Amino acid sequence: MAQNAPSKPTACLALADGTLFYGHGFGATGQTVAELCFNTAMTGYQEIMTDPSYAGQIVTFTFPHIGNVGVNPEDDETGDPVAEGMVVKWDPTEPSNWRSAEELKDWLARRGRIAIGGVDTRRLTRAIRQQGAPHVALAHDPEGNFDIQALVTAARGFAGLEGMDLAKDVTCAQSYRWDEMRWAWPDGYQPQKAPVHKVVALDYGAKRNILRCLASAGCDVTVLPATATAAEVLAHNPDGVFLSNGPGDPAATGEYAVPMIKEILNTTNLPVFGICLGHQMLALALGGQTVKMNHGHHGANHPVKDMETGKVEITSMNHGFAVDAQSLPDGVVETHRSLFDGSNCGIRMTDRPVYSVQYHPEASPGPQDSFYLFERFASAMAQRKAQVNAS
C-alpha cells in the first residue's frame with residue numbers, strides 16, 4: 001500500500017513488496033537499487049555516507065536534522081560517498097557550522113548520490129525492524145515522472161548482499177603509507193613523526209579515522225589491498241597486522257582473505273587486531289561462522305558488554321552480518337556482547353595477542369569509549385618486540 005503522496009513528489013522509494021514512499025528529491029537525479037538499512041546516529045551523516053561498509057546500501061537516517069552542519073573535505077572517510085543513497089525525514093536546511101564548506105544537497109549531486117526527504121522515517125524504520133532489511137529502488141526526477149512498476153521490478157531484481165564480495169570494489173588499488181593522526185584542536189590533522197610500530201593494514205574498506213587511530217597509537221601504517229597474500233604482508237616485516245572494516249558478505253570475502261589470515265596465524269606470532277568485517281574475517285579464519293542479521297546494527301549508541309571485565313561501552317556499529325558465538329572453537333573466547341540483542345561483538349585467542357571487535361572503536365561518528373583498543377594493540381606489539389629482543 002502506498003503512502004499518501006504529496007501533490008508533486010520528485011522522488012520515490014519503492015520496496016520490493018510494492019510499498020511506496022514519495023518525497024522530495026535532492027542530490028543527484030536518476031535511479032539506484034540497494035538494500036535499505038537505518039542508522040540511529042544523531043551526528044556524522046557525512047562520515048556515514050563515505051563509510052565503505054555501506055556499499056550496496058541506502059541509509060535511512062532516524063535523526064531528522066540531516067544536513068544542518070553542511071559538509072567539508074576533512075570529514076570524508078574515503079574519497080567519495082559509498083552508500084548508494086539516503087532517506088531523511090526533513091529536507092536539509094541551509095548549513096550553520098564554522099567548518100561547513102558545502103551544502104549537503106550540492107555535495108550529493110556532485111558526488112552522484114540520490115536522496116529523498118519528506119519521508120515518514122519512523123514508519124520506514126519499523127518496517128525494516130519487523131520485516132528485515134528490504135531491497136529497494138530509489139528514484140529522483142525533478143519532473144516527478146515515475147514508472148512505479150519498473151521501480152518495484154528493479155527492487156525485486158536486486159541480488160542482495162548475501163554471497164556478495166564488495167570488499168574488492170572498495171579496497172585500494174595499490175599499497176600506500178599512512179601517517180596522519182586523529183584530529184585535535186587547534187591544529188587539526190597532524191602527521192605521526194615518531195612511529196614505533198610497523199603495522200600492515202588490510203584494506204577491506206578501511207575508514208580513514210581507523211588509520212588515524214593507528215597512527216595516533218604510534219604506528220607506521222602500510223595499507224595493502226584486500227587481496228594481498230601472506231607473503232606480501234610479511235614482506236613489510238610488520239610488528240602487527242590489522243584487519244579493517246568493509247562491506248558485503250564475510251563468507252564471500254573470506255574466499256581469499258581467510259587463507260591469508262590463516263597463513264599469518266600459522267607461521268608467525270604477530271599481534272592481529274580486526275574491526276567489523278576484519279572481525280568476521282578473523283573469526284572465519286579461526287574456525288567460526290557468520291550469519292546474516294535481520295536488520296543489522298547501524299548507529300552510534302549501541303551498548304556492548306565486555307564479558308571479561310563487566311564494563312559496558314557505548315559504541316558505533318555498522319554491520320549486517322555477525323559472528324555466531326556458538327561456532328567459536330576451543331582456544332577462542334567471546335570477549336564482547338551486544339546488550340541490544342546478545343549478538344557477538346568481540347573475540348580473542350586465549351594464548352596469543354590476536355583479537356577483534358565487531359563495533360567501531362574509532363567512532364567517527366560516535367562515542368570514544370573504545371579508543372583503548374588501539375593502545376592495547378600497540379602494547380601487544382611492544383611486548384612481542386621486547387620478548388624477541390630478550391631472546
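Where is the place of Pro186? I looked there first. Pro186 sits in the loop between β8 and β9. I noted that the model is a predicted one.

**Entry 1: two cis bonds**

Trp185 and Pro186 are joined by a cis peptide bond, with omega about 5°. I then found a cis bond from Ser364 to Pro365, where omega is near 5°. Pro365 is placed in the loop between β17 and α10. I wrote a reminder for myself: most peptide bonds are trans, and most residues other than glycine have a negative phi.

**Entry 2: positive phi**

Next I looked up backbone angles. Ser364 is not a glycine, yet its phi is positive, about 55°. Ser364 belongs to the loop between β17 and α10. Is Ser364 buried or exposed? I read 16% relative accessibility for Ser364, and the cut-off for buried is under 20%. Ser364 therefore counts as buried.

Cys276 was my next stop. Its phi is positive too, at about 60°, and Cys276 is not a glycine. I found Cys276 in the loop between β12 and α9. Cys276 has 2% relative accessibility, so it counts as buried.

**Entry 3: the whole chain**

I stepped back to view the chain. I listed 10 helices and 17 strands. The radius of gyration is 21 Å, close to the 21 Å that the globule rule gives for 391 residues, so the chain is as compact as a globular protein of that length. The C-alpha trace spans about 75 × 45 × 40 Å along its principal axes. Of the 391 residues, 58% count as buried. Residues 24 or more positions apart account for 75% of them.

**Entry 4: the barrel**

Which strands close into a barrel? I traced 7 strands, in the order β1-β2-β6-β5-β4-β3-β7. Their pairing is mixed. From one strand to the next, the twist averages 35°.

I followed the pair β1 and β7. Strand β1 covers residues 11–15 and strand β7 covers residues 135–140. The two run antiparallel and are joined by 5 bridges. Leu15 has Val136 of β7 opposite it.

Helix α2, residues 104–111, lies across β2, β5 and β6. I read about 90° between α2 and β2.

**Entry 5: the open sheet**

How many strands form the open sheet? I counted 10, in the order β8-β10-β9-β11-β12-β17-β16-β15-β13-β14. The pairing is mixed. At the edges are β8 (176–178) and β14 (312–324), each pairing on one side only. Neighbouring strands of this sheet are turned by 25° against each other on average, direction ignored.

Why is β9 called largely enclosed by the rest of the structure? Because 6 of its 7 residues are buried. Strand β9 pairs with β10 (residues 219–225) in the parallel sense, over 7 bridges. Ala201 stands opposite Val223 in β10. I kept one rule in mind for strands: in a regular strand, side chains alternate between the two faces of the sheet.

I moved on to β12 and β17. Strand β12 (residues 272–275) runs parallel to β17 (residues 354–357), and 4 bridges join them. Val272 has Val354 as its bridge partner in β17.

Helix α10, residues 372–390, lies across several strands, including β9, β10, β11 and β12. The helix runs at about 125° to β9.

**Entry 6: a helix pair**

Last, I looked at α8 and α9. Two packed helices are described by the angle between their axes and the distance between the axes. Helix α8 is residues 250–267, and helix α9 is residues 277–285. I noted an angle of about 65°, with the axes 8 Å apart. Their crossing is right-handed.

Which residues of α9 does α8 meet? They are Leu277, Gln280, Met281, Leu282, Leu284 and Ala285. On the α8 side I saw, among them, Pro250, Ala257, Val258, Ile261, Lys262 and Leu265. By class, this contact has 11 nonpolar, 3 polar and 1 charged residues.

Notes:
Residues numbered from 1 in each chain as written. Predicted model: local features only at pLDDT ≥ 70, side-chain atom pairs only at ≥ 80, totals over all residues. Heavy atoms only, no water. Axes fitted to C-alpha atoms, helices over the stretch in contact; angles between N-to-C directions. Left-handed = near helix turned anticlockwise from the far one by under 90°. Contact = heavy atoms within 4.5 Å. Nonpolar A, V, L, I, M, F, W, Y, C, P; charged D, E, K, R; others polar. Pairing = 2+ DSSP bridges. Rg over C-alpha atoms; globule rule 2.2 N^0.38 Å. Buried < 20%, exposed > 50% of the residue type's maximum accessible area, 1.4 Å probe, protein only.
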